[in-house]
Amino acid sequence: MSAGDAQWAAGLMEKRRRDYERYSPVFWRPAEGVVGLHEQFLRDRITAATTVAFRTGHGFIIGEQRGPKGFVDDFAIEPPGAWDSDGAALLLAAADRLAAADGVATVVVVTAHADRAKNGMLASLSLTLAEQWWVRALPPLGPAAAPGRLRGPGFSGELGPAPAVYDPGGPVFRNDRAGEHTDVDAIEVAAAAHGAVLAVLPTAPDTVREQQLRQKGWHVASDWYAGIPEARSR
């Protein structure tokens with residue numbers, strides 16, 4: 001993949017954001033007019049020394065070394081039916097290159113929870129669901145506070161803007177520490193009081209907390225898969 005592919009890749013990512021918006025309208029809401037800025041961002045990533053980038057006629061992938069792991073976020077395929085072919089080939093190629101160049105063994109891939117075709121491909125390559133981001137849209141109860149750490153009884157996290165390509169309508173609170181018995185209502189109240197329009201709570205799958213979050217009106221926006229991609233036997 002070359003820097004000249006950045007415009008095409010930005011167009012694919014914009015379509016993906018529009019598709020994902022249907023799944024979680026606040027968390028995935030695209031910002032208007034950022035395709036050009038995202039094109040430059042992708043161009044910089046394609047040429048960065050810490051990334052690997054591949055494309056086919058149907059999609060592309062950019063993988064980045066983050067310590068001992070490889071991280072994949074910019075990964076889009078069109079049409080969705082090509083995930084099992086082009087998508088799988090791209091992920092295997094990126095994982096092999098990261099392992100050869102940087103010694104990366106584990107790869108983490110983030111995707112929308114409702115993107116069944118992509119998630120099915122990840123599972124078929126032996127990646128497992130490691131984490132899910134549960135989200136809750138909030139009516140802000142106060143003016144937007146300055147970005148920074150926000151703490152409450154049994155929890156803490158970062159309050160700040162969403163990534164530039166998204167526009168949830170205000171600050172987002174992403175919790176990064178919550179005990180098993182932390183009151184979810186307290187997280188919502190504290191975040192809303194600081195002007196947040198969205199609360200995010202990363203949670204391991206298949207835990208007792210899932211039922212509580214679902215009952216409180218939270219839903220899963222994104223899935224985080226991890227592992228060593230392995231080609232399927234034929």
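1. Basis. The model is predicted, so local features need pLDDT of at least 70 and side-chain atom pairs count only at pLDDT 80 or more, while totals for chains, interfaces and linings use all residues. Residues are numbered from 1 along each chain as its sequence is written, and side-chain values use heavy atoms, with hydrogens and water left out.

2. Largest pocket. Its volume is about 870 Å³. The lining has 34 residues; Asp73, Ala162, Pro163, Val165 and Tyr166 are the closest to the centre. (A pocket is an open set of points on a 1 Å grid over the protein atoms alone, where a 1.4 Å probe fits, with protein on both sides within 12 Å along at least five of seven lines; lining residues have an atom within 4 Å of a point.) By class, 21 are nonpolar, four polar and nine charged.

3. Second largest pocket. The volume here is about 250 Å³. Of 15 lining residues, Ala178, Pro202, Thr203, Ala204 and Arg209 lie nearest the centre. β8 (172-178) gives the largest share, five residues. β9 (198-203) and α6 (209-215) each supply at least two.

4. Helix pair. The axes of α1 (residues 6-23) and α2 (residues 35-47) come within 8 Å and cross at roughly 120°. The crossing is right-handed.

5. Helix contact. Among the α1 residues in contact (heavy atoms within 4.5 Å) are Ala6, Met13 and Arg17; α2 residues include Val35, Leu42 and Ile46. By class, this contact has seven nonpolar, two polar and four charged residues.

Note on methods:
Grid points are joined across faces, edges and corners, and a volume is the space filled by probe spheres set on the points. Ala, Val, Leu, Ile, Met, Phe, Trp, Tyr, Cys and Pro count as nonpolar, Asp, Glu, Lys and Arg as charged, and the others, Gly among them, as polar. Helices (H or I, at least four residues) and strands (E, at least two) are DSSP runs, numbered from the N terminus. Axes are lines fitted to C-alpha atoms, for helices over the stretch in contact, and angles run from 0 to 180 degrees between N-to-C directions. A crossing is left-handed if the near helix is turned anticlockwise from the far one by less than a right angle, and right-handed if clockwise.
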